[in-house]
Amino acid sequence: MLEQAKKVRVMIFDVDGVMTDGRLYYTDAGEELKAFHSLDGHGLRMLQQSGVQLAIITGRTSSLLTHRTQNLGIDLVYQGAHDKLATFEQLLLDTGVTAEECGYMGDDVIDLPIMRRVPFAVAVPNSPTIVRQHAHYITGSQGGLGAVREVCDLIMQSQNTYDAAMAPYLR
């Protein structure tokens, strides 16, 4: 798994069930609410600073996600992607990388077409069995509760950038 993570130049994430716990909250007025974990956010920032480009491919569309990705400085955001594989192909064109240079983290069957194309596919432990069967790595943490951070740390460790990322905090 560390060998596959070593080659990741672009790490792509699903949102619901990966960056969140997967539950959808609505107010009486119909507003959608999501909870994002701060550990995941800091992990994403450190991974990006280490030189790995970040991307989001999600089937849903949410202004909350727009705010979150702007706050994190993630520019490659594809919302409303009902055909995730076609969106992935567009991302490859947009970035000029190959599928072999990408990693993907998902949690449901809609993520399988991309997971089957990349050399570093990650699932969360509460994913359906078929999704876990196609993952190269299954996080110990649940989606929305540190799973993204776990993957960010793993990639940085495999690429020997983790110690540099931790150095400012250990002086």
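Start at Met11, leaving out residues up to four places away in sequence: Met11 touches Leu47, Val52, Gln53, Leu54, Ala55, Gly103, Tyr104, Met105, Phe120, Val122, Val151 and Ile155. Contact means heavy atoms within 4.5 Å. The model is predicted: local features need pLDDT of at least 70, side-chain atom pairs count only at pLDDT 80 or more, and totals for chains, interfaces and linings use all residues. Residues are numbered from 1 along each chain as its sequence is written, and side-chain values use heavy atoms, without hydrogens and water.

Met11 also belongs to the largest nonpolar core, which has 30 residues. Such a core is a set of buried Ala, Val, Leu, Ile, Met, Phe, Trp, Tyr and Cys residues joined through side-chain atoms within 4.5 Å; buried means under 20% relative accessible area (1.4 Å probe, protein chains only). Met11, Phe13, Met105, Phe120 and Ile155 touch the most other members. Elements giving two or more residues include β1 (10-13), β7 (120-123) and α7 (147-158). Helices (H or I, at least four residues) and strands (E, at least two) are DSSP runs, numbered from the N terminus. The most comes from α7, with seven residues. A separate core of 22 residues has Ile12, Ala55, Leu92 and Val131 among its members.

Now the sheet. Six strands form an open sheet, paired in parallel, in the order β5-β4-β1-β6-β7-β8. Two strands pair if DSSP finds at least two bridges between them. At the edges, β5 (76-78) and β8 (137-138) each pair on one side only. Parallel strands β6 (residues 102-106) and β7 are joined by four bridges. Met105 has Val122 as its bridge partner in β7.

Finally, Thr58 sits in the loop between β4 (53-57) and α3 (63-72). Its relative accessible area is 2%, so Thr58 is buried.

Note on methods. Buried means under 20% relative accessible area, exposed over 50%, partly exposed in between (1.4 Å probe, protein chains only).
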